[in-house]
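Here are a few friendly notes to read alongside the model. Please keep the structure open as you go through the points.

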Amino acid sequence: MIKSKIKIRYRYVPAGISILYEDQDIIVIDKSSGLLSVKAKYEKEKTTHQLLINYVRKGNPRAKANLFVVHRLDRETSGVLVFAKSFKIREKFANQWDNVEKKYLAIVHGNLAKKNGIIESYLAEGDDYMMRSVENPEEGKFAKTKYKVKNESKNYSILEIDLLTGKKNQIRVHLSELGHPIVGDLKYSENERGRLALHAFSIKFKHPFNNQEMEFETKIPEFFTNYFKPQGKIGAHKQPRY
């Protein structure tokens, strides 16, 4: 793990967030499931963005320190998120975003016939706020998801996913339409309960200030191991990875 350039002020770190790295330009965190990335019509204060602004201001509401959104995760998705400490750094991230490597882990229903592959489609949002694949490219936005089966049991499979484009609900829609919806996906599957089994496992990018190669991995939520107890081989850092 890359060591932070700024001392993490643990007393100000909000619940639901673990700080993986911080320097004068960026902050990298591990977000818990259930926490919004950015404000929505129904929630403006208890979001990852706002909570982290409070953190960098050290609890002083008059402080001028600010954070800029680099990317986001669905509320139900846990894992790694990056924020910029200036608009200039945020724009540098935007310019290199196509080269940023993002890996996810997902537990899906059933066993996939093809153990690895790429799912491509054009996604469009309906009036019901659901994303769906459409045949006409002019009606949707191109989405590309690469997956590989890492482990499977009788009823479930765990996938490693490379997010090759970053469209809304992309992974969830692609896997649902493939016939293997993500466990706990209340939006794109039926008769689900519990938390969404989708975790942003790692991110790799060049630091926007000095071009240093940076890679961050998160711990796998304990919830994931409930589906693969006999193997017990999914984890991060010095643990066996799968």
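1. Let us begin with phenylalanine 83, which counts as buried because its relative accessibility is 0%; buried means under 20% relative accessible area, exposed over 50% and partly exposed in between, with a 1.4 Å probe and protein chains only. This residue is found in strand S4, residues 78–84. Helices (H or I, at least four residues) and strands (E, at least two) are DSSP runs, numbered from the N terminus.

2. A word on the source: this is a predicted model, in which local features need pLDDT of at least 70 and side-chain atom pairs count only at pLDDT 80 or more, while totals for chains, interfaces and linings use all residues. Residues are numbered from 1 along each chain as its sequence is written, and side-chain values use heavy atoms, with hydrogens and water left out.

3. What surrounds phenylalanine 83? Leaving aside neighbours within four places in sequence, its contacts (heavy atoms within 4.5 Å) include Asp25, Ile27, Thr48, Leu52, Phe68 and Val70.

4. Next, please look at helix H3, residues 170–177, where arginine 172 lies. Six of the eight residues in H3 are buried, so the helix is mostly covered. The buried ones are Gln170, Ile171, Arg172, Val173, His174 and Leu175. Among the elements covering them are strand S5 (101–109), strand S8 (141–152) and strand S10 (198–206). Just after H3, glycine 179 takes a positive phi of about 95°.

5. Is arginine 172 buried or exposed? With 4% relative accessibility, arginine 172 counts as buried. Its side chain makes a polar contact with the side chain of aspartate 185 at 2.8 Å, and another, of 3.5 Å, with that of glutamate 76. A polar contact is a pair of N or O atoms within 3.5 Å; within protein, one must be able to donate a hydrogen and the other to accept it, and residues adjacent in sequence count only if both atoms are side-chain atoms.

6. Finally, the largest nonpolar core has 59 residues, of which Val28, Leu175, Ile182 and Phe205 touch the most other members. Such a core is a set of buried Ala, Val, Leu, Ile, Met, Phe, Trp, Tyr and Cys residues joined through side-chain atoms within 4.5 Å. Another core, of five residues, lies apart from it and includes Leu123, Met131, Ala143 and Val173.
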